[in-house]
Amino acid sequence: MLSQHSKPDPFGAVSEIDTRTGKVRYYSLASLERAGLTRLDRLPFSIRILLESLLRNVDGFQVTEQDVRQLAGWRAESPDEVEIPFKPGRVILQDFTGVPSVVDLAALRGVMQRLGGDPKKINPQVRCDLVIDHSVQTDAFASPEALEINKAKEFERNTERYALLKWAQQAFDNFRVVPPATGIIHQVNLEHLAQVVLTQVEPGRSEPTAFPDSLVGTDSHTTMINGLGVVGWGVGGIEAEAVMLGQPISMLTPRVVGFRLVGELPEGATATDLVLTITQILRNHGVVGKFVEFFGPGLSALSLPDRATVANMGPEYGATVGFFPVDDETLAYLRLTGRPAAVVELVEKYCKAQGLFRTADTPDPLYSETLELDMSTVEPCLAGPKRPQDRVRLADAQESFRTSLTAPIQERGFALPAEQVTRRATVAGDENATEIGHGVVAIASITSCTNTSNPSVMLGAGLLAKKAVEKGLRVPPYVKTSLAPGSRVVTDYLVRAGLMDALERIGFHVVGYGCLTCIGNSGPLPEPVAAAIANNDLVACSVLSGNRNFEGRVNPLTRANYLASPPLVVAYALAGTTDIDLTRHPIGCDSQGREVYLKDIWPTQEEVRQALVDGIAPEQFEDRYAHAFEGEEQWQAIPTAGGELFDWNDRSTYIQEPPFFTEMKVEPDPIGPIRTARCLVMVGDSVTTDHISPAGAIAAESPAGRYLQAHGVAPADFNSYGSRRGNDRVMIRGTFANIRLRNLLAPGTEGGVTIHLPTGSTMSIHEAAELYKQEGTPLVVLAGKEYGTGSSRDWAAKGTSLLGVRAVVAESFERIHRSNLVGMGVLPLEYSAGQTRTSLGLDGTEEFDIVVDDSLQPRQKVSVAARRANGTTITFETLCRIDTPVELEYYRNGGILQTVLRKMLKD
């Protein structure tokens, strides 16, 4: 008989290993092999980690023995399409998505109390870390004071939000906050928070149980941690909240694409060039919803930061994970970053005991599909001007940019008339006016954890800057330069290597420790530059070392945006334009007037290796992270109230109790048909979560801007959409408000504009939604391919739901956004293969009937009838993209949080 606190062990899996701190229990995967259920060496490493989670969490309810048996029998060529209840070891959040998660949890406590339950049940059941990194903006730049000025503005704008997070830190168990000005979420995770192997003392035991570190995060680039051998990916905030509350992630058994790497990077190529090449290959191959696992002899030639760079861009190539198994390089990185010796010992012993440790002699697992890249063929490149998968060889960059100027919008061009291509403008200056044209580099930013976590490219940028300064090169005055390291350790090693001074001398001063330009917090351009661009309709550019370059994301005035390695960011800043071939044309002239080419200042691999030796030491990481959760004076000075329930302030324009649960009943209503729905928004392909729920600036004349002004907030104090995600009244007005959104229902317009039907009146999307709500009319969205691509932005689904949208009909969905729609009670439907809105003749003016009822099943066919104004009807079948029984339960309850709350009330 099991004791009251004992966990089931139906496979006899419990075993032990000895460490310097004592015995550690673990659930041995070898027990499944002994039982004849699997061949471990044939399973991808990432599947082995999922399997361990099932084996350890068998309880006969959330995880069953059958779940273990099914995954143990994973077949590479055709995995069973069965549901896996995966229970991650922890959750990580950033503040843009983390604040609404905390707001939701605080609201759930209030609802739990109102419905007669215990509010303390609403409490994280797994470890949760929230890193504040998304709220700092590049206001000041190219100045030694930039960091302190931007930090002061950050606290001035966000103290109200930060007070909520300080309340949460004391109100909830298992909840820690990394304060502002520490670093970027994924870099802090890589350098400090991740342990590779976690331990936990189970009920009724005295010794700890070890298990693989795994997580979900409220940021799509959570995949960066895959480079450390940790399985993790981005989810929406609502799904993360469910994990925090002890619920499993429900997912279909994944196909695993094996990506074989051979050779090594040639001279002149960087890890950034590698990841942009891999992104293009995988996006073309198609890996959405799949795991990607890297293997082959080339892994030994990649440093761990190089692997993390590749893993980081998993969302850009579309995979759920981009996984690298644990090996000697992993252990070396743990030592380099100051992890305790006991942690490194446990990682090595546990992973070797579990068959999770890769060596050169490890047999290759079996994969569902395989691809291969010889890294010696990788060339310097960029990606842009509008998508991260659109790689351009550096040698072709000028020609590619020129072609984009006149290319049609649907081909990701700018559709300029031929006579406008040579247009020039003058930037007024205090002393000398400067002439600029299309391709002007208005922003050059070393930013984003994708690259700032990688010392080789950061030191490479410093070395290039040093050589440029020595030759007397300078950055043109119209370029807004910035350096935003992902952790303070980066500054330490740049200083120690003697390279920070050179970066500062060409304007790359540290502006903050956070995401900044990569997420749209680039700040305003200097007024003379902004005026020259806007008044002359120039296609201005940003060049950034980030992972996203979608339209409208980086800055409203940079229509073309290119991703590049940090050294190339510096190079383009020096050139001042993308209308240049850096492989053939001089980048500038030295102090003697002699032409200087990029090859003259590009650092060699040996120079980078020496800088690594000179610049980096474990004590830098130990010192910087010793007080990671304490924060600086500004953080410590923020007052906060205690108590288990949050004290809502109705006058706040940052934090409001959300309306999701105000009318919630103990039992849900049955699923019913959606009748006489109207189309609110109709869009084409590749509409991103940035289009649906922008994170950047709030326009004064937008619905959100008018709301804030009506509540006494001056435009100068608007802050950003991302910072106001704790206030549904702002966010619903910001939904579909991106200035680059093209609603095809209102042709010829950009921004959040629609047509109200049947009146035909043109108005804002929010105004139309309010009018439809008064009329009792449900709403739909019609979309093309890859709907919801981009960041794991829960407000893209929350805002859609609050506008009254009941269903989204698309050609295909991005994984996280589809899941988020279900989690908010919105029905995702896909056109049948070969059908599109255009092929069916839909123009968005129809009335829609969607036939669903309480018998709805995952992935069943759903009939849609579209009635035209002339009385004719188009009837077509769609695929219900509620993919699993658990998701169906979420939809039935009106959302994931309603489901969890009802379960807790019943318990």
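Is the crossing of helix 7 and helix 32 left-handed or right-handed? The crossing is left-handed, a term used when the near helix is turned anticlockwise from the far one by less than a right angle. This is a predicted model, in which local features need pLDDT of at least 70 and side-chain atom pairs count only at pLDDT 80 or more, while totals for chains, interfaces and linings use all residues. Residues are numbered from 1 along each chain as its sequence is written, and side-chain values use heavy atoms, with hydrogens and water left out.

**Helix 7 and helix 32**

- The axes of helix 7 (residues 237–244) and helix 32 (residues 896–906) come within 9 Å and cross at roughly 20°, which makes helix 7 roughly parallel to helix 32 (angles under 35 degrees count as roughly parallel).
- Ile238, Glu239, Glu241 and Ala242 of helix 7 make the contact with Ile896, Leu897 and Val900 of helix 32, where contact means heavy atoms within 4.5 Å.
- Five nonpolar, no polar and two charged residues form this contact of helix 7 with helix 32.

**Cavities**

- The structure holds nine cavities of 30 Å³ or more, a cavity being a set of points on a 1 Å grid over the protein atoms alone where a 1.4 Å probe fits but cannot get out.
- The largest cavity contains about 180 Å³ of space, and 23 residues line it, with His134, Asp219, His221, Ile519 and Arg553 lying nearest its centre (lining residues have an atom within 4 Å of a point).
- Helix 4 (95–114) and helix 6 (185–193) each supply at least two residues of that lining, which by class has seven nonpolar, 11 polar and five charged residues.

Conventions:
Axes fitted to C-alpha atoms, helices over the stretch in contact; angles between N-to-C directions. Helix = DSSP H or I, 4+ residues; strand = E, 2+ residues; numbered from the N terminus. Parallel < 35°, antiparallel > 145°, perpendicular 65-115°, else oblique. Nonpolar A, V, L, I, M, F, W, Y, C, P; charged D, E, K, R; others polar. 1 Å grid on protein atoms, 1.4 Å probe; cavity = no way out; pocket = protein on both sides within 12 Å on 5 of 7 lines; lining within 4 Å. Points joined across faces, edges and corners; volume = space filled by probe spheres on them.
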